[in-house]
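Student: Got a model to go through. Can we take the packing and the rings in turn?

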Amino acid sequence: MGRVFKPMALVVEDDVLQRELVTALLEESEMGVIQCESAEEALRVLEKTGGRVSMIFTDVSLTGKIDGVELAHFATRCYPNIHVIVTSGLTLTKSLPEGVMFMPKPWLALDVLREAERSLH
């Protein structure tokens, strides 16, 4: 019998409370979640599991030298099937790649869950 894998989400957020909130929401939607504090950490995860990640939820402002917008550009270029959502409490000043969604903070839990559902199709 083949092994069944849960859809995987990568949550990239330097604020612990925000990261845990998004993780809890996505786990409720039956997704497996990998949490990262920085884009550099997320890139290492993508190198190992990129083909299994169906969604990335990232803040713009992250610890480290790479921000969430740069992470979105990398992810869409190297893994075009990943559904990427970028969030921020500030006005977005950089352009996002085509197909990437911007979700301003404060976002609604229902909106995150809807996007998780979209990432599965």
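Student: What do the buried residues of H2 pack against?
Tutor: Strand S1 (8–12), strand S2 (32–36), S3 and helix H3 (68–78). Contact means heavy atoms within 4.5 Å. Helices (H or I, at least four residues) and strands (E, at least two) are DSSP runs, numbered from the N terminus.

Student: What should I know about the model itself?
Tutor: This is a predicted model, where local features need pLDDT of at least 70, side-chain atom pairs count only at pLDDT 80 or more, and totals for chains, interfaces and linings use all residues. Residues are numbered from 1 along each chain as its sequence is written, and side-chain values use heavy atoms, with hydrogens and water left out.

Student: Which residues of H2 are buried?
Tutor: In helix H2 (residues 39–49), they are Ala 39, Ala 42, Leu 43, Val 45 and Leu 46. They cover an arc of only 160° around the axis, so they sit on the same side of H2. That arc is taken from the directions from the helix axis to the C-beta atoms. Buried means under 20% relative accessible area, exposed over 50%, partly exposed in between (1.4 Å probe, protein chains only).

Student: And which residues are exposed on the other side of H2?
Tutor: Glu 47 and Lys 48.

Student: Rings now. How many aromatic pairs?
Tutor: Two. Rings of Phe, Tyr and Trp (its six-membered ring) pair if their centres lie within 6.5 Å; planes under 30 degrees apart are stacked, over 60 edge-to-face, the rest tilted. Phe 57 and Trp 107 are edge-to-face, at 5.8 Å centre to centre and 85° between the planes.

Student: What does that pair tie together?
Tutor: Parts 50 residues apart in sequence, because Phe 57 lies in strand S3 (residues 53–59) and Trp 107 in the loop between strand S5 (101–104) and helix H4 (109–119).
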